[in-house]
Amino acid sequence: MNEGWIAPEVDTSIAHPARMYDYFLSGKDNYPVDRAAAAKVLEFYPEAFAMAQANRAFLGRAVRYLAGAGIRQFLDIGTGIPGPGGTGEVAHSAAPGSHVVCVDNDPIVLAHSRALLVQPDLAPTTVVQADLRRPEEILDHPEVRAALDFDQPIALMLVAVLHFVTDDEDPRGILARLLKALPSGSYLTVSHVTDDFDSERARAAAAAYDKASAPIVLRPEAAVSGFFDGLELVEPGVAHLPWWRPDGEPPEGSERIWYYCGVARKP
């Protein structure tokens with residue numbers, strides 16, 4: 001990010017989860033307010049950098065699996081600021097010609113994504129500003145409809161985003177509306193933070209998001225598994241994130257990655 005550059009409509013007085021995540025991935029597209037909030041997370045959970053990297057690695061493994069299963073369309077909601085190993089990069093590498101739609105509600109994500117992803121010499125990527133909490137806006141968006149064929153299987157990617165939807169906002173209802181629009185043979189990919197492994201520290205770290213643009217909701221394994229109801233889970237099912245189809249032995253300290261994840265097919 002250029003020094004002093006601010007995307008239109010960006011509120012730099014409030015931390016945003018996408019920019020905090022960018023910081024944890026050692027990116028540069030974040031502001032002092034984001035780094036201050038991230039520092040509070042690190043006070044209680046210094047493994048946050050490793051957790052972000054582990055989540056990005058899971059995303060890559062999931063996309064490669066989906067490409068191997070024949071998926072050529074990806075709807076990535078809560079995509080975050082573009083960086084190495086993102087959905088578009090992996091999909092276009094694993095399955096050239098794949099169509100990828102990236103959706104996020106942060107204007108700075110939109111600005112950076114359009115600058116970095118939508119270039120004539122790159123594989124097709126569509127970037128849309130919209131909010132997961134209003135799924136119809138995504139499904140009915142003309143750019144989404146133009147980029148994706150809803151008569152053919154689509155991979156719905158909800159990686160590290162459902163935990164920013166509160167129970168009052170009905171995440172399962174939102175998910176049901178999204179999945180209803182997708183044809184048989186589509187897939188759902190989810191990763192989600194939890195406090196199952198270290199409740200006290202996890203809740204203390206999550207409190208740093210209370211003053212961000214979206215609080216974080218820690219959910220147990222049963223709740224994360226519930227997001228896949230009615231779908232056919234890919235082995236190994238809902239798993240502790242580092243152990244979902246790892247490329248090798250999970251790194252030392254992987255037991256401190258407080259995430260569940262899974263991939264499932266719509267019958």
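Visitor: Is Tyr187 buried or exposed, and what relative accessibility decides that?

Guide: This is a predicted model. Tyr187 has 8% relative accessibility. Buried means under 20%, so Tyr187 counts as buried.

Visitor: What makes Tyr65 partly exposed?

Guide: The relative accessible area of Tyr65 is 24%.

Visitor: Why is the pair of Phe24 and Phe49 called edge-to-face?

Guide: The ring centres of Phe24 and Phe49 are 5.7 Å apart, and their planes stand at 80°. Rings pair if their centres lie within 6.5 Å, and planes over 60 degrees apart count as edge-to-face. The pair of Phe24 and Phe49 is therefore edge-to-face.

Visitor: Which parts of the chain does the pair of Phe24 and Phe49 tie together?

Guide: Phe24 belongs to helix H1 (residues 17-24) and Phe49 to helix H3 (residues 48-68), so the pair ties together parts that are 25 residues apart in sequence. Phe24 counts as buried because its relative accessibility is 4%, whereas Phe49, at 30%, counts as partly exposed.

Visitor: What makes Tyr65 and Tyr187 an edge-to-face pair?

Guide: Centre to centre, the rings of Tyr65 and Tyr187 are 6.4 Å apart, with 80° between the planes. The limits are centres within 6.5 Å and planes over 60 degrees apart, and the pair is edge-to-face. The pair links distant parts of the chain, with Tyr65 in helix H3 and Tyr187 in strand S5, 122 residues apart.

Visitor: Which residues do ring pairs link into a cluster?

Guide: The cluster consists of Phe58, Tyr65, Tyr187 and Trp244.

Visitor: How do you know that Arg245 lies over the face of Trp244?

Guide: The distance from Arg245 to the ring centre of Trp244 is 5.7 Å. The distance limit is within 6 Å, and the charge must also be within 35 degrees of the ring normal. Arg245 is listed as lying over the face of Trp244. Arg145 likewise lies over the face of Phe150, at 3.9 Å from the ring centre.

Visitor: Why is His192 called buried?

Guide: Its relative accessible area is 0%, and buried means under 20%, so His192 is buried. His192 has its place in strand S5.

Visitor: Which side chain makes a polar contact with the side chain of His192?

Guide: The partner is Arg219, at 3.0 Å. The limit for a polar contact is a pair of N or O atoms within 3.5 Å. Leaving out residues up to four places away in sequence, His192 touches residues including Leu162, Val217, Phe227 and Trp258.

Visitor: What makes strand S8 (residues 259-265) largely enclosed by the rest of the structure?

Guide: Of the 7 residues of strand S8, 6 are buried, so the strand is largely enclosed.

Visitor: How do you know that S5 and S8 pair?

Guide: Between S5 and S8 there are 7 bridges, and the two run antiparallel. Pairing needs at least two bridges. Val193 stands opposite Tyr259 in S8.

Visitor: How many bridges join strand S6 (residues 232-233) to S8?

Guide: There are 2 bridges, and S6 and S8 run antiparallel. Glu232 has Arg265 in S8 as its bridge partner. Strand S7 (residues 239-240) also pairs with S8 in the antiparallel sense over 2 bridges, and His240 stands opposite Tyr260 in S8.

Visitor: Which residues of helix H9 (residues 199-206) are buried?

Guide: The buried residues are Ala202, Ala205 and Ala206. These cover an arc of only 100° around the axis, which means that they are on the same side of H9. Glu200 and Arg203 are exposed on the other side of H9. The buried residues of H9 pack against helix H2 (32-44).

Visitor: Why is Asp22 called buried?

Guide: Asp22 has a relative accessible area of 7%, and the cut-off is under 20%, so Asp22 is buried. Asp22 lies in helix H1. In space, Asp22 and Ile81 are 6.5 Å apart, C-alpha to C-alpha, although 59 residues apart in sequence.

Conventions. Residues are numbered from 1 along each chain as its sequence is written. This is a predicted model: local features need pLDDT of at least 70, side-chain atom pairs count only at pLDDT 80 or more; totals for chains, interfaces and linings use all residues. Side-chain values use heavy atoms; hydrogens and water are left out. Helices (H or I, at least four residues) and strands (E, at least two) are DSSP runs, numbered from the N terminus. Buried means under 20% relative accessible area, exposed over 50%, partly exposed in between (1.4 Å probe, protein chains only). A polar contact is a pair of N or O atoms within 3.5 Å; within protein, one must be able to donate a hydrogen and the other to accept it, and residues adjacent in sequence count only if both atoms are side-chain atoms. Contact means heavy atoms within 4.5 Å. Rings of Phe, Tyr and Trp (its six-membered ring) pair if their centres lie within 6.5 Å; planes under 30 degrees apart count as stacked, over 60 as edge-to-face and the rest as tilted. The arc is that of the directions from the helix axis to the C-beta atoms.
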